[in-house]
Amino acid sequence: MAGADIDVVIRQTAKQQNKTILAAIKARRDHFNGLAAKAKDAGTKERYKQAARDVTEQGTAAARRLQISADNAADSFARSMRMAAEVSAAKAVADAAKAAEKAAEKAPKPAKKAAKGKKAAAPKAKAKPKKKKS
């Protein structure tokens with residue numbers, strides 16, 4: 001069963017146990033019915049037949065409870081595995097987003113345009129000295 005899901009294994013094991021329990025119940029019922037057949041008086045015969053009915057009723061109820069418990073356990077396990085897979089996937093997406101963000105931060109930024117050089121300014125004409133009025 002390599003590679004089988006555990007919930008499937010739980011269900012299969014419960015089926016096998018259920019079959020074993022039902023076989024034991026039938027054997028015990030047959031035992032009481034055999035004793036009833038050998039009984040000499042009517043009271044004892046009825047007591048054994050009632051015991052056989054009780055064994056059958058209580059045994060099948062126990063087998064049913066076992067089967068329900070196994071189904072619940074298998075369903076719970078499957079549900080928890082689905083939830084874990086979803087959380088794992090969400091975490092992977094978040095990690096990928098963080099990695100992309102860090103990569104964007106580390107990536108060299110595009111070079112700025114070369115600064116325009118200052119134009120050579122025409123030399124200013126020297127101001128003529130003002131004549132003093134005397």
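Buried here means under 20% relative accessible area, while exposed means over 50% and partly exposed lies in between, using a 1.4 Å probe and protein chains only. The model you are looking at is predicted, and local features need pLDDT of at least 70, side-chain atom pairs count only at pLDDT 80 or more, and totals for chains, interfaces and linings use all residues. Residues are numbered from 1 along each chain as its sequence is written, and side-chain values use heavy atoms, with hydrogens and water left out.

Now step back to the whole protein. The protein has two helices and zero strands. Helices are DSSP runs of H or I with at least four residues, strands are runs of E with at least two, and the numbering goes from the N terminus. Of the 134 residues of the protein, 12% count as buried. The accessible surface of the protein comes to about 11800 Å², and 59% of that belongs to carbon and sulfur atoms. Accessible areas come from the Shrake-Rupley method with a 1.4 Å probe, and for residues only the protein chains shown count as cover.

Helix α1 covers residues 6-38. With 33 residues, α1 reaches 48 Å from its first C-alpha to its last, close to the 48 Å expected at 1.5 Å a residue. The expected span of a helix is 1.5 Å times one less than its number of residues. Helix α2 takes in residues 42-106. The 65 residues of α2 should span 96 Å at 1.5 Å a residue, and the end C-alpha atoms of α2 are 95 Å apart, which agrees.

How do the two helices sit against each other? Two packed helices are described by the angle between their axes and the distance between the axes. Here α1 and α2 pack at an angle of about 180°, with their axes 9 Å apart. That makes α1 roughly antiparallel to α2. Axes are lines fitted to C-alpha atoms, for helices over the stretch in contact, and angles run from 0 to 180 degrees between N-to-C directions. Angles under 35 degrees count as roughly parallel, over 145 as roughly antiparallel, 65 to 115 as roughly perpendicular, and the rest as oblique.

Let us look at some of the residues involved. The buried residues of α1 are D7, A14, N18, I25, F32 and A36, and what covers them includes α2. In turn, the buried residues of α2 include T44, A52, G59 and Q67, and α1 is among what covers the buried residues of α2.

Which residues does Q67 touch, not counting those up to four places away in sequence? They are A14, K15 and N18, where contact means heavy atoms within 4.5 Å. Q67 itself has its place in helix α2. N18 lies in helix α1 and is buried, with a relative accessible area of 17%. Leaving aside neighbours within four places in sequence, N18 is in contact with A63 and Q67.

A52, in helix α2, is buried too, with a relative accessible area of 2%. Beyond residues up to four places away in sequence, A52 touches R29, F32 and N33. A52 and R28 are 24 residues apart in sequence and 7.4 Å apart in space, C-alpha to C-alpha.

Across the protein, residues 24 or more positions apart account for 65% of the contacts with a separation of 6 or more.
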